[in-house]
Amino acid sequence: MKPRPATLADREAIARIYNAGISERAYTFETRPRTVEEITSWLGGRFPVVVVEEAGRVVAFASTGAYSPRECYAGVADFSVYVAPEARGRGAGRTAVLALLDAAEAAGFHKLTSRVFATNANSREMLAKLGFREVGLHHQHARLDGVWHDIVVVERLLGVNP
Ligand SMILES: CC(C)(COP(=O)(O)OP(=O)(O)OC[C@H]1O[C@@H](n2cnc3c(N)ncnc32)[C@H](O)[C@@H]1OP(=O)(O)O)[C@@H](O)C(=O)NCCC(=O)NCCS
């Protein structure tokens, strides 16, 4: 599993992996598939995006985005991580998040945060092992396909050993 910064050439792979995760209806409230053009806007700005290659093929990505438009929170980045369904359980997720932690710290961020479905035990366990703290639980935070879901807020300070 080899991590590296994402480039424009990775847009198709990122869209494919994200859209597979969206279609599984278990990890995100997003339901609309993303186009390659939309992925373009993720790249080349202040928010790092990394991909992980297995045998030369991109099998995972981890991305950052804005946490809040308020200037006081400019050091906090929101993140996501997705592994292609056929490549899960082989270390790609861990590799992607570790690379994103380094990239976000190098880009000057102070903290990563995210929201995880309470039912997503695999992600919660992985993030706990990587030093993320579960801040708390939002009850019935939004609906997916008509069903309310509880959401766990996670955070990790950068530049510290948890
Ligand atoms: C959650 C996800 C990112 C984990 O990536 P992965 O490559 O499958 O996981 P890894 O092989 O790197 O495993 C890292 C840790 O995650 C946990 N984990 C991952 N898959 C697991 C499984 N099937 N069962 C139990 N624990 C699992 C384990 O704690 C594992 O540590 P270990 O190897 O010491 O047991 C990946 O499964 C995925 O993309 N899931 C769908 C999308 C998603 O949930 N994204 C996160 C949204 S917040």
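The legends below describe close-up views of one predicted protein model. Residues are numbered from 1 along each chain as its sequence is written, and side-chain values use heavy atoms, with hydrogens and water left out. Because this is a predicted model, local features need pLDDT of at least 70 and side-chain atom pairs count only at pLDDT 80 or more, while totals for chains, interfaces and linings use all residues.

**View 1. The protein chain as a whole.**
The protein chain holds 4 helices and 7 strands, where helices (H or I, at least four residues) and strands (E, at least two) are DSSP runs numbered from the N terminus. Along the sequence these elements follow the pattern β-α-α-β-β-β-α-β-α-β-β. The radius of gyration of the protein chain is 15 Å, close to the 15 Å that the globule rule gives for 162 residues, so the chain is as compact as a globular protein of that length; the radius is taken over C-alpha atoms, and the rule is 2.2 Å times the number of residues to the power 0.38. Along the principal axes, the C-alpha atoms fill a box of roughly 40 × 35 × 30 Å. Of the 162 residues, 42% are buried, a word that here stands for under 20% relative accessible area, with exposed meaning over 50% and partly exposed in between (1.4 Å probe, protein chains only). Among contacts with a separation of 6 or more, 64% are between residues 24 or more positions apart, and a contact means heavy atoms within 4.5 Å.

**View 2**
Strands β2 (49–54) and β3 (57–66) run antiparallel and are joined by 6 bridges, and two strands are said to pair if DSSP finds at least two bridges between them. Within this pairing, Val49 has Ser63 in β3 as its bridge partner. The hairpin has 2 residues between the strands, and Ala55 takes a positive phi near 50° there. Most residues other than glycine have a negative phi, and most peptide bonds are trans. Ala55 is also exposed, with a relative accessible area of 87%. In β3, by contrast, 7 of the 10 residues are buried, so that strand is largely enclosed by the rest of the structure.

**View 2. Strand β4 between its two partners.**
Strand β4 (residues 76–83) is joined to β5 by 3 bridges, and these two strands run parallel. The pairing of β3 with β4 is antiparallel and has 7 bridges. Ala77 stands opposite Leu112 in β5, while Ala62 faces Val81 in β4 across the other pairing. In strand β5 (residues 111–117), 6 of the 7 residues are buried, so this strand is largely enclosed by the rest of the structure. In a regular strand the side chains alternate between the two faces of the sheet.

**View 3. Strands β5, β6 and β7.**
Strand β7 (residues 147–157) pairs with β5 in the antiparallel sense over 7 bridges, and Phe117 has Ile151 in β7 as its bridge partner. Strand β6 (residues 133–144) is likewise antiparallel to β7, with 8 bridges joining the two, and Ala142 stands opposite His149 in β7. In the hairpin of β6 and β7, which has 2 residues between the strands, Asp145 takes a positive phi near 50°.

**View 4. Leu100 and its surroundings.**
Leu100 belongs to helix α3 (residues 92–106) and counts as buried, since its relative accessibility is 0%. Leaving aside neighbours within four places in sequence, Leu100 is in contact with Pro48, Val49, Val50, Ala62, Ser63, Thr64, Phe79 and Leu112. Leu100 and Arg4 are 96 residues apart in sequence, yet their C-alpha atoms are 9.3 Å apart in space.

Arg25 lies in the loop between α1 (11–23) and α2 (36–40), and its phi is near 60°, a positive value in a residue other than glycine. With a relative accessible area of 33%, Arg25 is partly exposed. Cys72, which sits in the loop between β3 and β4, counts as exposed at 54% relative accessibility. The C-alpha atoms of Cys72 and Glu37 are separated by 30 Å, and the two residues are 35 residues apart along the chain.
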